Amino acid sequence: MRVRQLRLAAGLTQEDLAHRCGLFRTYMSRIETGRANPTLTMVDALATSLNVPIAALFEPER
């Protein structure tokens, strides 16, 4: 859910973020809903694409 929150705050669609990370949109959806666990490499790609520190991905929802 935190990835979704950060993505929406950045004004990105799932497709936009997936493209930036080199993923399929369906996989991005699974990450956001907790049905997929991204690798450490993907966690880094998500943080970079969202322009946030990695730790921001693990903060409680605001």
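**Helix packing and overall dimensions of a predicted model**

The protein chain contains four helices and zero strands, where helices (H or I, at least four residues) and strands (E, at least two) are DSSP runs numbered from the N terminus. This is a predicted model, in which local features need pLDDT of at least 70, side-chain atom pairs count only at pLDDT 80 or more, and totals for chains, interfaces and linings use all residues. Residues are numbered from 1 along each chain as its sequence is written, and side-chain values use heavy atoms, leaving out hydrogens and water.

Me: Why are helix 2 and helix 3 called roughly perpendicular to each other?
Reply: Helix 2 (residues 14–21) and helix 3 (residues 25–32) pack at an angle of about 105 degrees, with their axes 8 Å apart. Axes are lines fitted to C-alpha atoms, for helices over the stretch in contact, and angles run from 0 to 180 degrees between N-to-C directions. Angles of 65 to 115 degrees count as roughly perpendicular, and the pair is therefore placed in that class.

Me: Which residues make the contact of helix 2 and helix 3?
Reply: With contact meaning heavy atoms within 4.5 Å, helix 2 contributes Gln14, Glu15, Leu17, Ala18 and Cys21, and helix 3 contributes Arg25, Met28, Ser29 and Glu32.

Me: How do you know that the radius of gyration of the protein chain agrees with a compact globule?
Reply: The radius is taken over C-alpha atoms, and the globule rule is 2.2 Å times the number of residues to the power 0.38. For 62 residues the rule gives a value near 11 Å; the protein chain has 10 Å, which agrees. The C-alpha trace spans about 25 × 25 × 20 Å along its principal axes.

Me: What makes a residue count as buried, and what percentage of the protein chain does so?
Reply: Buried means under 20% relative accessible area (1.4 Å probe, protein chains only); 37% of the 62 residues count as buried.

Notes. Angles under 35 degrees count as roughly parallel, over 145 as roughly antiparallel, 65 to 115 as roughly perpendicular and the rest as oblique. Buried means under 20% relative accessible area, exposed over 50%, partly exposed in between (1.4 Å probe, protein chains only).
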